[in-house]
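The entries below follow the order in which I looked.

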Amino acid sequence: MIKIERQVTDPLGFHIQLAVLLAGEAQRWRSRATFRHGQASVDAADLMALLGLGVPSGSRIEIDVEGPDEATAAEAIRNLSRTF
């Protein structure tokens, strides 16, 4: 399992455009990506679940990637998460 930790710096928080990008990227891979905020954890490929978390700006998030192509998937998600 590969763990990615980030702080959401976008002034709008983790908004719909970021959620669409992350969900789309997570769906490309066979590995499972899990998005965590506080005590909540959701499948990163599930757009509505991501939006339901209501992650505000300044929050710490964690994305866990696990599966057969986790190294490649984690690198793609890590690059994308720099925009958060």
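These are my entries on the charged side-chain pairs.

Entry one. I was working on a predicted model, and I began with the total, which came to eight salt bridges.

Entry two. I looked up D64 and found its side chain in a salt bridge with that of K3, at 3.6 Å from N to O. Because D64 belongs to strand β4 (residues 60-66) and K3 to strand β1 (residues 2-7), I noted that the pair ties together parts 61 residues apart in sequence. I then checked accessibility: D64 is buried at 3% relative accessibility, whereas K3 is partly exposed at 44%.

I turned to R60 and E5, whose side chains meet in a salt bridge at 3.8 Å, N to O. This pair also links distant parts of the chain, with R60 in strand β4 and E5 in strand β1, 55 residues apart. For R60 I wrote down 49% relative accessibility, which counts as partly exposed, and for E5 a relative accessible area of 44%, likewise partly exposed.

I looked up D43 and R32, which form a salt bridge at 3.7 Å, N to O. D43 lies in strand β3 (residues 40-43) and R32 in strand β2 (residues 32-37), so this pair ties together parts that are 11 residues apart in sequence. D43 is partly exposed, with a relative accessible area of 27%, and R32 is partly exposed at 49%.

Definitions and conventions
Residues numbered from 1 in each chain as written. Predicted model: local features only at pLDDT ≥ 70, side-chain atom pairs only at ≥ 80, totals over all residues. Heavy atoms only, no water. Salt bridge = Lys/Arg side-chain N within 4 Å of Asp/Glu carboxyl O. Helix = DSSP H or I, 4+ residues; strand = E, 2+ residues; numbered from the N terminus. Buried < 20%, exposed > 50% of the residue type's maximum accessible area, 1.4 Å probe, protein only.
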